[in-house]
Amino acid sequence: MPSETKVYYPNPNFSKNAYINSFSQYREMYLQSLDNPEAFWGEIIKQFHWETPVEYDNFFRYNFDIRKGPIYTKWFDGATTNICYNVLDRIVQRGYGDKVAYYWEGNHPDDYSRLTYRKLLEEVCKFSNVLKSKGIKKGDRVAVYMPMILEAVITLLACTRIGAVHSVVFAGFSADSFAERVIDCGAEIIVTADGVWRGPKFLGLKSICDQVMDKCARRNHNIRHCIVVAHLKRVTSPDNSQKSNKVHMKEGRDIWWNDAVADSSITCPPVWTNSEDPLFMLYTSGSTGKPKGVLHTVGGYMVYTAATFKCVFDYKSKDVYWCTADIGWITGHSYGVYGPLANAATCVLFEGTPFYPDNDRFWTVIEKYKVNQFYTAPTAIRALMKYGDDLVRRHDVSSLKVIGSVGEPINSEAWLWYYKVVGGEKCSVVDTFWQTETGGHVLTPLPGATPMKPGSATFPFFGVQPALLDESGKEIEGEGEGYLVFKRPWPGIMRSLFGNHERYEATYFSKFPGYYCTGDGARRDADGYFWITGRIDDMLNVSGHLMSTAEVESLLTEHKAIAEAAVVSKPHPIKGECLYCFVITSNETHFDDNIKKELSLLIRERIGAFATPDVIHNTPSLPKTRSGKIMRRILRKVAVNDRNLGDVSTLADSTVIETLFASRPVCS
Ligand code: WT7
């Protein structure tokens, strides 16, 4: 029986009190959001402060058709506002000043603290004043390389308060990658910390920044200021070492955060920005190596992240919400900072890893803060699933109401485990599909309204109009599989690539004029549910049959011997392409011909004989980026035994390459 025939309904006790409490209500609101965007978003924007109000004649304009001129999207153009004012001052004015904005939970369980909305606003103002005193003004870029600490949130908001554009680089990227991004965005200031512990591992952030500043200087790019949070001295180190005194501070350039804010005023007037002024940029990897600086603007992003956060997590004012994503990724921006704060949410900000000090850290933290909404990635779910149900059951996680997934397709096995073991069969799973580029969720269930199918991101959010296209660009109606595109902009969509509008147009709007092209494939089933099948570049065509690597991977991991799988296409003289499957066996399982046969059979039976894999390659590890994404580009090279790998600098662990080539099965 295909997994999609089983439908899981939202818990009726939950639905009763949900903002959107039935599928028919969702449908009605959805149709209204498309028929009359002015009325739909017009209602939502009322909750925000607009210094210059939104003009209805100027509500939104766009061109998605490259044949008709340059691509652009503008929402609420001409209106002015300030996002920091809206997520802090407005919340305090509404009486939430003493509400906790963040519970900070350190890497070590002994380290924790909290910050109320009022205090957060004061800290933000202080740091805004510091930035101003360093000459930072509206439109300037501020590079941020920070761990998951409160100062990271403060830095982001302090930038937006004065109209500066933050450019966060995940503090796990190498000095080379960081330097490349700093130069590309033209930042002359870096905000960082001395270092951080992640699990048992130490990361010397400031010394990486020193290398970055040297690299920049060699390329005639001068970093004028580096502000450093003295973080290490206030946390418990796993090995009781004292690393805080090893940091080198260059006179005139580097300054400790605490010294900088010491005499700073706790008030700072917000700078009113146009709705279409740049808010932040965030790099995402491009298929051609050079990272793309995705640019978001103020008004649309603010409105969209606020609305999606409220509806998708059904956040109610006493709830505690936890998003595990690092602030260095879009999820950390949209659903770790802006969306929750716009809703006066209480959030957990977690510095550590799921595996430290033990493999039950997530469940410990959920129990400790009585988390109601939990948002994490399939890769974490699959990793934790390996350790068994007991680790979860040892903790009281009954506070959970909504559990979310993001970042990659979630296989039905992982979905079911999440639903049953973590959610206790009473929580809705929100499998949110979106991208750095989309700013917020675009395909997602609503927890009180949408009947769920394990592995499906279900339906579009309000204002989002998806379509599936075939290779010739024709829209596929009803059931079918094709390129996932969007026909019109929602408020939170990216506006450009920083300093490279042509690349923006070429990457997202040139393949199918008139549509925003996600780069993902998707299938619509008979009930209209969307199933993301993976990146288009991971699609393969075997003997004329279009199929997705994600689909095969999900099947492979259904086998009890397989913990993780990655599938790439390999050129084949007769079929065009064939399947090359990399599999990691579960703990203690010895891989043998029997398992191989069973896997082949599984795929033959579930997809069809044409999908029978040509190679099943058992490997102990897969090449991953630091954010946990499998680097298929490398796997495709391994599949054809080509050692010309190109740029591998984003690999988390470069030793896997040798392992992969060494473990290639003979005659493949
Ligand atoms: C790509 C975007 C969205 C924030 C984190 C990733 C894949 C994302 C899902 C999902 C299937 C998903 C897509 C997308 N993706 N969410 N729920 N189901 N695939 O942001 O790094 O910009 O990656 O992640 O392939 O295009 P990103």
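Helices (H or I, at least four residues) and strands (E, at least two) are DSSP runs, numbered from the N terminus.

You're looking at a predicted model, where local features need pLDDT of at least 70, side-chain atom pairs count only at pLDDT 80 or more, and totals for chains, interfaces and linings use all residues. Residues are numbered from 1 along each chain as its sequence is written, and side-chain values use heavy atoms, leaving out hydrogens and water.

Next, show the open sheet of eight strands, ordered 12-11-8-6-7-14-15-23 with mixed pairing; two strands pair if DSSP finds at least two bridges between them. Strand 12 (254-256) and strand 23 (496-497) sit at the edges with a single partner strand each, so one side of each has no neighbour in the sheet.

Zoom in on strand 6 (141-145) and strand 8 (189-193), which run parallel and are joined by three bridges. Here valine 144 stands opposite valine 191 in strand 8.

Last stop: an open sheet of seven strands, in the order 5-4-17-16-18-19-20, again with mixed pairing. Its edge strands, strand 5 (112-116) and strand 20 (428-432), each pair on one side only. Select tryptophan 104 to find leucine 349 of strand 17 opposite.
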